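Let's take a friendly walk through the charged side-chain pairs of this protein.

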Amino acid sequence: MFVTCTASAVDPTGFDELSSEDFVTNSKCANCHAILRSQHDDSMHAYAYTDPLYQKEVLLASEDSNGQTDEFCSRCHTPIGVVSGEVPPIDGSMISDVAAEGVQCDFCHTVSESAGIGDGGFVSSPGDVKWGSLDDAPSAFHGSEFNGLYMEAEYCGMCHNVNSPFNDLPLDDTYTSWSESSYAEEGVVCQDCHMSPGITHFEAAPGRSASSSPKRSHIPVHEIVGGNYFMLDLLSDGKAGDAAVERLQKAATLEVDVPEYAISGEDVSIKVSVTNSGAGHKLPTGISEIR
Ligand code: HEC
Ligand code: HEC
Ligand code: HEC
Ligand code: HEC
Ligand code: HEC
């Protein structure tokens with residue numbers, strides 16, 4: 001069973017096909033993938049639904065649109081809530097614990113294909129098989145299969161481009177601005193910077209992805225942070241807020257040109273240039289302006 005969300009509309013007939021019980025909670029995955037879980041808990045993906053700013057904005061949008069945005073907003077913030085028909089209602093009265101985990105382990109690893117860039121264009125196929133970028137990673141708990149999508153920017157692009165459902169106005173264009181950058185030309189993808197310690201380039205993170213698995217030269221880091229240090233500081237008890245600050249500091253170089261002295265009472269002109277030297281897209285990107 002699977003549900004396809006396309007960029008323009010979710011097929012409402014698909015909703016009956018899936019239930020939130022088809023998805024496994026993060027704590028189950030953590031039995032073996034404990035390190036990845038603790039990294040994930042330091043990422044905004046873990047708070048995509050419970051985020052208090054989101055909770056406030058989604059209700060405002062619902063009021064303004066007579067509920068027309070309810071399913072749309074929820075696609076990326078609680079994808080399980082949408083594919084299992086627990087949202088709408090938008091007030092969260094039907095939401096299960098697993099759907100409230102937001103962009104969580106099992107949802108991400110049971111996306112079988114992309115249905116297009118932006119607006120939550122994913123095909124959700126929960127079940128035994130967990131897809132990833134390895135072709136030799138057997139597990140006693142689940143099937144493991146290689147799926148090339150997981151190594152591509154298009155994977156992130158399913159959710160990291162948002163257009164208005166009413167007039168297609170781009171609201172968030174991180175994927176598009178990456179695709180028009182020199183990084184895209186050189187084949188540097190989102191995962192290289194956001195799932196590796198390199199921050200502005202790929203750097204391997206050797207380790208084990210599960211307690212019983214072999215040591216590998218690189219395990220993708222699941223502390224997928226951006227610039228939202230404020231909310232991470234508030235919601236996560238880890239060092240994730242600091243990680244966001246470090247990322248912002250590495251994104252740009254700042255040059256300040258000041259005169260040697262200033263005369264009291266006269267204007268002083270100061271030249272400041274900011275060069276985006278480390279972000280693989282515009283700086284700032286995403287919905288920073290909402291904040
Ligand atoms: C936003 C979606 C997303 C979330 C949430 C997420 N993952 Fe991943 N995960 C990925 C992607 C994409 C990769 C592959 C990255 C690469 O190879 O560059 C990956 C890699 C992995 C790998 C290593 C195998 C591989 O494909 O390289 C394991 C194991 C894994 N994830 C387990 C988990 C667990 C357990 C959780 C929850 C604690 C989780 N993931 C949460 C997207 C996600
Ligand atoms: C009983 C232990 C166990 C549990 C529970 C478990 N896994 Fe795994 N998983 C493993 C092992 C072992 C591997 C192999 C890792 C390796 O070889 O590097 C693995 C591999 C993976 C891979 C890599 C797939 C690939 O081919 O790239 C993903 C993704 C993954 N697990 C996700 C999950 C998710 C999501 C959950 C929760 C729904 C979960 N796992 C629960 C033990 C487990
Ligand atoms: C199912 C949809 C979905 C997918 C797939 C997804 N994301 Fe996200 N991502 C979100 C949502 C929703 C948020 C915002 C949560 C919030 O702030 O409440 C987010 C937040 C983030 C942030 C933090 C933003 C900030 O302001 O600090 C980063 C960085 C990020 N994602 C990167 C990625 C990368 C890289 C990938 C691909 C490996 C990816 N995401 C895949 C939905 C998704
Ligand atoms: C060359 C490295 C690099 C690549 C490639 C890259 N990013 Fe980023 N990204 C950064 C850095 C550094 C920041 C912090 C500065 C900022 O907020 O723009 C960042 C910030 C972000 C944010 C946070 C924006 C906010 O509002 O705070 C999101 C979301 C994000 N990236 C998603 C993506 C996605 C999705 C892709 C691929 C389509 C991608 N990034 C590709 C380096 C990269
Ligand atoms: C296509 C996926 C998608 C859809 C649909 C979507 N969002 Fe988001 N939302 C995101 C991503 C990704 C981020 C993080 C982007 C970044 O920081 O660059 C985000 C961030 C946010 C934030 C900022 C949270 C914070 O802590 O700063 C709010 C608020 C928000 N969204 C509300 C909404 C509302 C309201 C709707 C419906 C009108 C909506 N979103 C629809 C993907 C989506």
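Lys130 is buried in this predicted model, because its relative accessible area is 15%, below the 20% cut-off. What does the side chain of Lys130 meet? Its partner is Asp106, in a salt bridge with 2.9 Å from N to O.

Now turn to Arg216, whose side chain meets that of Asp136 in another salt bridge, at 3.3 Å from N to O. Arg216 lies in the loop between helix 10 (190-194) and helix 11 (229-235), while Asp136 is in the loop between strand 4 and strand 5 (143-146). The pair therefore ties together parts that are 80 residues apart in sequence. Are these two residues buried or partly exposed? Arg216 is buried, with a relative accessible area of 17%, whereas Asp136 counts as partly exposed at 42% relative accessibility.

A further pair to look up is Arg37 and Asp41, which form a salt bridge with their closest N and O atoms 3.2 Å apart. Arg37 is partly exposed, at a relative accessible area of 24%, and Asp41 is partly exposed with a value of 24%. Both values fall between the 20% and 50% limits, so neither residue counts as buried or as exposed.

How many salt bridges does a search of the whole structure find? It finds six, among them the pairs visited here.

Definitions and conventions
Residues are numbered from 1 along each chain as its sequence is written. Chains are lettered from A and ligands numbered from 1 in the order in which they are written. This is a predicted model: local features need pLDDT of at least 70, side-chain atom pairs count only at pLDDT 80 or more; totals for chains, interfaces and linings use all residues. Side-chain values use heavy atoms; hydrogens and water are left out. A salt bridge is a side-chain nitrogen of Lys or Arg within 4 Å of a carboxyl oxygen of Asp or Glu. Buried means under 20% relative accessible area, exposed over 50%, partly exposed in between (1.4 Å probe, protein chains only). Helices (H or I, at least four residues) and strands (E, at least two) are DSSP runs, numbered from the N terminus.
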